[in-house]
Amino acid sequence: MRMPIQLGRCKYCGKEVTIEAESRYDADQEVTETCECPGASRHHRFEKAHESLDILEADLRKTDDMAVKAVQKMRTDLRKLEQVAI
């Protein structure tokens, strides 16, 4: 069964693209994820930073509690920066 055609909009720049998606929400998410505008690009970089911190924390959790606390502080600081930057 084919998915319906939806009009998706980037939440950062407002660019609209018609795509196949289950819902308008899904279309908006997909368009935002594939958009290359400055806001979406910045969002992608923050997502990668969060993923990197997750991996680093998982590696350190086995050996170094102090380093884990430092990574957790970095994550908190990254969230604060993200709120200001995006």
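Modeller: A disulfide is a pair of cysteine sulfur atoms within 2.5 Å. The model discussed here is predicted, so local features need pLDDT of at least 70, side-chain atom pairs count only at pLDDT 80 or more, and totals for chains, interfaces and linings use all residues. Residues are numbered from 1 along each chain as its sequence is written, and side-chain values use heavy atoms, with hydrogens and water left out.

Colleague: How many disulfides does a search of the whole structure find?

Modeller: The sulfur of Cys13 has its closest cysteine sulfur in Cys35, 3.7 Å away, which is too far for a bond. Cys35 is likewise in no disulfide. The number of disulfides found in the whole structure is 0.

Colleague: Is Cys35 buried or exposed?

Modeller: Buried means under 20% relative accessible area, exposed over 50%, and partly exposed in between (1.4 Å probe, protein chains only). Cys13, at 42% relative accessibility, counts as partly exposed. Cys35 has a relative accessibility of 6%, and therefore counts as buried.

Colleague: How many residues make up the largest nonpolar core?

Modeller: A nonpolar core is a set of buried Ala, Val, Leu, Ile, Met, Phe, Trp, Tyr and Cys residues joined through side-chain atoms within 4.5 Å. Cys35 belongs to the largest one, together with Cys10, Ile19, Ala21, Ala27, Val31, Cys37 and Ala40. Leaving aside neighbours within four places in sequence, Ala27 is in contact (heavy atoms within 4.5 Å) with Gln6, Leu7, Gly8, Ile19 and Ala21. The largest nonpolar core has 8 residues.

Colleague: What pattern does the chain follow along the sequence?

Modeller: Helices (H or I, at least four residues) and strands (E, at least two) are DSSP runs, numbered from the N terminus. The chain has 3 helices and 2 strands. Read along the sequence, they give the pattern β-β-α-α-α.

Colleague: What is the radius of gyration of the chain?

Modeller: This radius is taken over C-alpha atoms, and the globule rule is 2.2 Å times the number of residues to the power 0.38. For 86 residues the rule gives 12 Å; the chain is well over that value, so it is more spread out than a compact globule, with a radius of gyration of 17 Å.

Colleague: Which helices are included in what covers the buried residues of helix 2?

Modeller: Helix 2 (residues 38–61) has 24 residues and reaches 34 Å from its first C-alpha to its last. Its buried residues include Ala40, Phe46 and Leu53, as well as His43, His44, His50 and Glu57. Their cover includes helix 1 (24–34) and helix 3 (65–85).

Key:
Expected span 1.5 Å × (residues − 1).
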